[in-house]
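Please examine the sequence and the model together before reading on. The paragraphs below are intended to be followed with both in view.

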Amino acid sequence: MKILLIGGTGLVGSYLLPMLIEKNHTVFAITRSDDKIKRIQNLGAFGIKGDIRNPQTFLEELPDRPDVIVLLAMPDVKLGHRITRKRKAELRKETNDFFGNSMDLAVHFNIPVILPGGTSYRTAEGEVADENWSNFRIGLTEMGIDTDGMVNHAIESGKPQVIQLNYGKIYGNGGIFRYMYEMMERGRSRIIGKGDNYIPNIHAGDAASAIIKAIEKMPVGEKFIIADDVPVTQKDFTLYMASLMNKKPPGHLPGFVVKFILGRDFYEIIRMNCKVTNAKAKKILDWQPAYPSYKEGLEAVIKEIREEKN
Ligand SMILES: NC(=O)c1ccc[n+]([C@@H]2O[C@H](COP(=O)([O-])OP(=O)(O)OC[C@H]3O[C@@H](n4cnc5c(N)ncnc54)[C@H](OP(=O)(O)O)[C@@H]3O)[C@@H](O)[C@H]2O)c1
């Protein structure tokens, strides 16, 4: 198939692109950076300079009409920095443009689009969220408020045909997790509050393999939760990561300090409590995580980062 990939140079994209090439797909990967075009081409894809906020920048450069669009672009969030109200509004606008323009392109070509999402559900003790739950948008996740409506509208109208993959916290060699790794390496990692809240996780390679399955099965009009099998608290995830990296167990940082330094937007996403089921993805996409729990997943990723560093 011919795949238009937007965000193929990020964390998930770096695992997805080689998988797509391996499966003999023709990939047109959009990047804003000249440097990354060569890297994309070395992997066997067409690297095209462009910005999804302005699709005219690349539309005429596409060598052919794609069969499906995969959106993986994410606005640039500076981790460890307080987000101002102005920046939050910009992030929301940017996210809306990413979704709106990708969906417009899908209508333009009359092809389906695979969209990303998060597991922004709030579950109480004993509850497990599935795809029928509505998102609970708080803190930084509020930047997806409008896109929830856009996706739901597309599912109802069938225009364009969409599939949404709602990922847990994605860890792998890159992106946000690489920042967490460096913080742990420097002894600056902290458990926020008591750390007893559950956060769903998914290895970036498993996030990518779900996209491969979605392309193969193409169940349009459906949303899928893409998270691993084993729920884990923020605290246990952090402690396990520290033990794998031979670091002292990180201490706790009281919530009010995080709110004061980084603001409520970051605090709310780190303190969310959410357990999910991936049963629908396993059943309909025939997807299985290669790393069913954070334990083997973290082990593999930390090994990968260390090998790259050496
Ligand atoms: N990471 C998580 O924990 C998580 C959790 C739930 C959902 N998600 C969603 O999953 C998707 C993949 O996440 P990720 O962690 O792989 O993202 P990432 O590593 O931050 O990658 C961001 C990607 O977005 C591209 N991009 C940013 N602005 C762009 C623009 N204006 N035009 C074109 N491309 C643009 C970047 O490409 P260039 O810099 O090369 O232009 C890069 O490839 C995102 O949509 C994210 O919202 C992520």
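The structure is a predicted model. Strand β1 pairs with β2 in the parallel sense, and five bridges join the two. One of these links can be located from lysine 2, whose bridge partner in β2 is threonine 26.

Helix α2 comprises residues 34–42 and contains isoleucine 40. Isoleucine 40 has 23 other C-beta atoms within 10 Å and is therefore classed as buried. Apart from neighbours within four places in sequence, isoleucine 40 is in contact with Gly8, Thr9, Ala29, Thr31, Ala45 and Gly47. Glutamate 308 lies 268 residues away from isoleucine 40 along the chain, and the C-alpha atoms of the two are separated by 19 Å.

The ligand comes next. Which residues are closest to the ligand? They are Gly10, Leu11, Thr31, Arg32 and Gly175, within a surrounding set of 27 residues. Several elements supply at least two residues each to this shell, namely α1 (11–22), β2 (26–31), β5, β7 (169–171) and α6 (175–185). Helix α1 gives the most, with three residues. Sorted by class, the shell holds 12 nonpolar, 10 polar and five charged residues.

Which residues of α5 are buried? Thr147, Val151 and Ala154 are. These three lie on the same side of α5 because they cover an arc of only 60 degrees around the axis. The buried residues, in turn, pack against α4 (85–109), β5 (113–118) and β6 (162–167).

Directly after α5 comes glycine 158, with a positive phi near 75 degrees. In the loop between α5 and β6, proline 160 is found. The peptide bond leading from lysine 159 to proline 160 is cis, and its omega is near -5 degrees. As background, most peptide bonds are trans, and most residues other than glycine have a negative phi.

Asparagine 24, in the loop between α1 and β2, is not a glycine, yet has a positive phi of about 65 degrees. Asparagine 24 counts as exposed because 8 other C-beta atoms lie within 10 Å. Methionine 218 is likewise not a glycine and has a positive phi, here about 45 degrees. Methionine 218 is placed in the loop between α7 (204–217) and β10 (222–226). With 16 C-beta neighbours inside 10 Å, methionine 218 is classed as partly exposed.

Notes: Residues are numbered from 1 along each chain as its sequence is written. This is a predicted model: local features need pLDDT of at least 70, side-chain atom pairs count only at pLDDT 80 or more; totals for chains, interfaces and linings use all residues. A residue is buried if 20 or more other C-beta atoms lie within 10 Å of its own, exposed if 12 or fewer, and partly exposed in between; C-beta atoms are placed from the backbone. Helices (H or I, at least four residues) and strands (E, at least two) are DSSP runs, numbered from the N terminus. The arc is that of the directions from the helix axis to the C-beta atoms. Two residues are in contact if their C-beta atoms, placed from the backbone, lie within 7 Å. A residue is near a molecule or strand if its C-beta atom, placed from the backbone, lies within 6 Å of it. Ala, Val, Leu, Ile, Met, Phe, Trp, Tyr, Cys and Pro count as nonpolar, Asp, Glu, Lys and Arg as charged, and the others, Gly among them, as polar. Two strands pair if DSSP finds at least two bridges between them.
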